[in-house]
Amino acid sequence: MLERLRVNIQDRLYGQTRKSLDAIQELVEEAICTAENNVKPKGTYHLLPVLNTDKDAVQTSAGKIQSPMFSHLVNQCKGERYIIFMVVTIGEALEEMGRSQKGILYQWVFDLVGSELVELVADRLEDQLEKADRAGIQYSTRFSPGYCDWALEGQRIIFNALDVEKIGVTLSSHMVMVPEKSVSAIKVTANEVPFSKPCFFCSKKDCHWRRL
Amino acid sequence: MTEETIILKDLESAVLNHDDQLLNKALKIAIDAGIQSVEIRRSILGGLDRVRRKLMSNETSLPELLISLDITAQGLETLFSQEGLTPAKDPVSLVIGVVEGDPHDLGKNIIVQIYKSFGYEVCDLGAQVPKERFVKAVKEKNARVLALSAMMSTTMTAMPEIIKEARAISPGTVILVGGAPLDEVLARTYGADGYAESAVTILEETERTITRCMGKTK
């Protein structure tokens with residue numbers, strides 16, 4: 001995973017810097033070493049059946065997922081439909097190191113490495129889920145509160161569905177996860193998932209988060 | 001070119017080219033040579049401003065600005081740790097913080113460093129700051145500027161109340177808002193005087209807003 005992290009960070013940096021600056025590279029390596037020695041990623045997930053859907057929302061026993069786009073995606077699925085709720089975290093080690101009084105670049109690099117790492121941890125959990133599960137079952141990609149048309153308040157449903165405290169993650173009254181470097185998401189799984197993400201039928205072509 | 005001009009050029013170039021060794025060397029020579037601190041500071045900030053302007057025209061990157069910011073902070077700290085030297089006359093007093101419930105302070109920290117470098121007297125309240133602390137700090141610091149940051153749609157909604165109470169207690173304070181979910185329209189709706197779009201344009205926006213507000217009160 002750390003090699004993938006190095007590659008992702010380089011991609012991000014080359015998007016921003018025209019040349020590889022030694023000062024930045026050294027800090028990136030320091031942050032990655034800190035991650036290697038101090039970060040213990042944790043994750044949890046749970047499946048719940050889809051109880052019913054309408055054009056705006058998907059109902060589960062954990063609550064109603066109020067997102068017309070996700071609901072449309074679920075409505076295209078065939079067979080028994082389940083929602084996978086998932087949360088992963090890399091804890092606070094990188095965050096705390098970044099906040100030490102070593103300058104703003106230091107904090108920025110540690111933040112960047114933490115953000116990339118927690119996304120990779122979420123990718124890894126998705127891979128494991130998909131590999132370990134039944135043959136012939138399909139999955140959407142992950143969909144998180146605060147993105148697309150799903151309000152951040154959707155965090156509450158994910159936290160209803162999971163025992164998130166066992167991995168040391170809590171949710172504030174403002175829907176902020178602590179530790180900050182955590183990812184919460186849902187996926188739909190069914191015999192047939194014709195669209196893996198709402199972007200396929202979304203008309204917002206200039207969306208920053210469009211994944212096509 | 002005089003020796004003083006060469007030293008001052010070196011200072012500017014050190015910040016522009018992220019060369020902390022050159023900065024330390026040129027700074028020592030400048031201080032030993034008795035060059036006025038105001039000139040030294042102007043050169044260091046000249047370098048930082050060039051990096052900032054390069055970023056405005058996409059000729060450089062944010063991490064490169066951050067390196068220059070760190071070098072600038074280090075240089076100014078060394079300069080003003082010398083006995084008898086002070087950063088600026090009549091600095092603009094500014095209170096800044098991230099609103100309650102929002103822990104995202106990286107953007108705010110970058111802004112703080114820019115303000116400090118360019119001579120603002122900054123009272124940084126940190127992240128997750130309750131309304132009462134903003135209002136108290138505006139009053140106690142007699143703040144010319146109040147800068148509010150929020151990175152989430154669930155936390156930015158705290159801004160209108162803070163702005164209303166800060167205005168009531170200090171009508172002359174100029175209020176700026178910034179952060180990912182905000183834009184100029186929201187800033188106006190919330191009652192702010194200005195919208196700070198990015199670290200690159202923060203100085204111009206602050207100065208423009210102060211000038212505009214001064215015009216209104218005349």
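Is Arg142(A) buried or exposed? Arg142(A) is buried, with a relative accessible area of 11%. The legends below describe close-up views of a predicted model.

**View 1. A salt bridge joins Glu126(A) and Arg142(A).** The N to O distance between the two side chains is 2.5 Å. Glu126(A) belongs to helix H5 (residues 104–132) of chain A, while Arg142(A) sits in the loop between strand E6 (138–139) and helix H6 (155–161), so the pair ties together parts that are 16 residues apart in sequence. Glu126(A) has a relative accessibility of 9% and counts as buried, because buried means under 20%. Arg142(A), at 11%, is buried as well.

**View 2. A salt bridge links Glu165(B) and Lys131(B).** Their closest N and O atoms are 3.1 Å apart. Glu165(B) is found in helix H7 (residues 159–169) of chain B and Lys131(B) in helix H6 (residues 131–140) of chain B, so the pair connects parts 34 residues apart in sequence. Glu165(B) is partly exposed, with 31% relative accessibility. Lys131(B) is also partly exposed, at 22%.

**View 3. Six residues of chain A form one network of salt bridges.** The members are Glu119(A), Asp123(A), Glu126(A), Glu130(A), Arg142(A) and Lys187(A), joined through shared partners. The pair Glu126(A) and Arg142(A) from View 1 is part of this network.

**View 4. Glu29(A) and Arg6(A) form a salt bridge.** The closest N and O atoms of this pair lie 2.8 Å apart. Glu29(A) is in helix H2 (residues 22–38) of chain A and Arg6(A) is in helix H1 (residues 2–16) of chain A; the two residues are 23 residues apart, and the pair links distant parts of the chain. Glu29(A) is partly exposed, with a relative accessible area of 31%. Arg6(A) is partly exposed too, at 23%. Over all chains, the count of salt bridges comes to 25.

**View 5. Helices H2(A) and H5(A) cross at roughly 50°.** Their axes come within 9 Å. The two helices are therefore oblique to each other, and H2(A) passes H5(A) in a right-handed crossing. On the H2(A) side, the contact is made by Ile24(A), Leu27(A), Val28(A), Glu30(A), Ala31(A), Ile32(A), Thr34(A) and Ala35(A). On the H5(A) side, the residues are Leu105(A), Tyr106(A), Val109(A), Phe110(A), Val113(A) and Leu117(A). By class, the contact has 12 nonpolar, 1 polar and 1 charged residues.

Definitions and conventions:
Residues are numbered from 1 along each chain as its sequence is written. Chains are lettered from A and ligands numbered from 1 in the order in which they are written. This is a predicted model: local features need pLDDT of at least 70, side-chain atom pairs count only at pLDDT 80 or more; totals for chains, interfaces and linings use all residues. Side-chain values use heavy atoms; hydrogens and water are left out. A salt bridge is a side-chain nitrogen of Lys or Arg within 4 Å of a carboxyl oxygen of Asp or Glu. Helices (H or I, at least four residues) and strands (E, at least two) are DSSP runs, numbered from the N terminus. Buried means under 20% relative accessible area, exposed over 50%, partly exposed in between (1.4 Å probe, protein chains only). Axes are lines fitted to C-alpha atoms, for helices over the stretch in contact, and angles run from 0 to 180 degrees between N-to-C directions. Angles under 35 degrees count as roughly parallel, over 145 as roughly antiparallel, 65 to 115 as roughly perpendicular and the rest as oblique. A crossing is left-handed if the near helix is turned anticlockwise from the far one by less than a right angle, and right-handed if clockwise. Contact means heavy atoms within 4.5 Å. Ala, Val, Leu, Ile, Met, Phe, Trp, Tyr, Cys and Pro count as nonpolar, Asp, Glu, Lys and Arg as charged, and the others, Gly among them, as polar.
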